[in-house]
Amino acid sequence: MLEVVSNVNGVVNNIVWGWPALILLAFVGILMTCLTKFFQITHIGHWMKQTIGAIFKDKDVTGHTKDKSISQFQSLCTALAATVGTGNIVGVAGAIIVGGPGAVFWMWIIAFFGMMTNYSENVLGIYYRRKNHAGEWSGGAMYYLRDGLGAKKGCKGIGAVLAVLFSIFCFLASFGIGNMTQVNSISGNMESVFGVPTWVTGVVVMVLAGLVIVGGLKRIASVTEKIVPFMVVLYIVGTVVIFFTNISHVGAVFGAIFKGAFALKAAGGGVIGYGIKLAIEQGMKRGVFSNEAGLGSSVMVHSNSNVSEPVRQGMWGIFEVFADTIIVCTLTAFAVLSSGLVDLETGETVAEYGGVALTKANIVSQVFSMHFGQVGAAFVAIAIMLFAFSTVLGWSHYGTKACEFLFGEKYTIVYRVIFVVAIFGGAVMSDNLAWDLADTFNGLMMIPNLIGVLVLSPQVYQITQNYVDRVLRGKKEKPMLSAFPDIQEEQEKKLAKEGM
């Protein structure tokens, strides 16, 4: 049965991750960067001040809400919980092993433009969000596809169809990128480092995740805002120590990255062109797997923020990609490439280290053990466990929102139960199949989302320009806060109280 699934998935994966899809992903990021006049660079001081800077001085950003919404900081932590996961450790190592050091360069490129793709998704998510019967915000690609794209002349039908397709793909992806691959990485590391059987890990994670997930978004956000800052800072500290320990290798590592991006000598003596193709594919695929820019996934939690300004939440999207890929993934890549455990020409691993065969799943663990001994390997196992566990929590919310859109609010509890039970399956599943399925589900939900962002790019431009004129240039204009008059009026009053 698993062999059949693997074969079918291989065919679908080659289609959804073919060059047309990768070109579309890059094109949307480049387009949004140009339309917003390179906002991620030209206004870097402003979005840094409004995101990471605001955490330490603005109580509205971090304060807990009394209604069904969550704070901006909680929305970031929940989104980062879903993005900062095994993709930052196992995914980066896998990209290097398969695509060579040059894959890291293409990961940077897709992240740079992906900042504005993620920004645009969040802007549209806030602009087209609605409140459900429980008083909770509901937003995401399915809503701006249905109510944004669908509002265009002659596009009502296609908008509705794409919204349903996105929700179906998101529903499925929540069991792949948000469940199977994450738990599979946890169980694999716990077995290799601590000797814990995979089924035992599956049961424990299933129980712990169930206690949080069944409690809904408020409980998920409450847990992630505590786990995410702790785990990210701790992992960064570990990789920074390795960076300075191996600082003499900086030139060689970055030289290999840039050389490999355009002139990679393919593993096994393959042609150079094929090696470059692998570098681009792996960099893009693993980059998207890591930061999720273009998938339309994190929009579903960013839309639950108590923010009024779409652009304010959009800036959190920029910071999310920056922190996830430019910082965390880069530090992981340097740790791997400076270790001596991979060939800087091809990315191939040495046969084994310390008697252990090296794979994409354990190479980072071996890198840390080189510098910190057995404590290092244990640290990576715990880091992967926390990263992956928090990703499971974040993606459970995405799947819940997809379920709500497709079947209604009353069926979301059924989804949560199935999602929790599926965790056990992920713990004992084949490593390669879990990652391959995740790649496919990512690509399937990416395509309708990117179509929506592309068609609605003029709205993103207008909303951004409106914000820049009002907030940065001091012009008196009516704010663009929502596509719906009743919500626009409500948010205008809220904005007036905030003094903006």
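1. Basis. Numbering starts from 1 along each chain as its sequence is written, and side-chain values use heavy atoms, with hydrogens and water left out. The model is predicted, so local features need pLDDT of at least 70 and side-chain atom pairs count only at pLDDT 80 or more, while totals for chains, interfaces and linings use all residues.

2. H10 and H18. Helix H10 spans residues 156-194 and helix H18 spans residues 374-407. Helices are DSSP runs (H or I, at least four residues), numbered from the N terminus. The two axes come within 8 Å and cross at roughly 160 degrees. Axes are lines fitted to C-alpha atoms over the stretch in contact, and angles run from 0 to 180 degrees between N-to-C directions. H10 and H18 are therefore roughly antiparallel (an angle over 145 degrees). H10 passes H18 in a left-handed crossing (the near helix is turned anticlockwise from the far one by less than a right angle). Their contact holds 27 nonpolar, 10 polar and no charged residues. Ala, Val, Leu, Ile, Met, Phe, Trp, Tyr, Cys and Pro count as nonpolar, Asp, Glu, Lys and Arg as charged, and the others, Gly among them, as polar.

3. H12 and H16. Helix H12 (217-245) packs on helix H16 (310-337) at about 35 degrees, with the axes 9 Å apart. The crossing of H12 past H16 is left-handed. On the H12 side, the residues in contact include Val 232, Tyr 235, Ile 236 and Phe 243; H16 residues among them are Ile 327, Leu 331 and Phe 334. Contact means heavy atoms within 4.5 Å. By class there are 11 nonpolar, 2 polar and no charged residues.

4. H11 and H12. Helix H11 (198-213) packs on H12 at about 120 degrees, with axes 8 Å apart. Leu 211, Val 212 and Ile 213 of H11 meet Arg 219, Ile 220 and Val 223 of H12. This contact has 5 nonpolar, no polar and 1 charged residues.

5. Cavities. There are 3 cavities of 30 Å³ or more. A cavity is a set of points on a 1 Å grid, over the protein atoms alone, where a 1.4 Å probe fits but cannot get out.

6. Lining of the largest cavity. Lining residues have an atom within 4 Å of a point. Here they are Leu 25, Gly 29, Ile 110, Gly 114, Thr 117, Val 288, Asn 291 and Ala 293. H2 (19-35), H8 (102-127) and H14 (272-291) each supply at least two. H8 gives the most, with 3 residues. The lining divides into 4 nonpolar, 4 polar and no charged residues.

Terms used. 1 Å grid on protein atoms, 1.4 Å probe; cavity = no way out; pocket = protein on both sides within 12 Å on 5 of 7 lines; lining within 4 Å. Points joined across faces, edges and corners; volume = space filled by probe spheres on them. Parallel < 35°, antiparallel > 145°, perpendicular 65-115°, else oblique.
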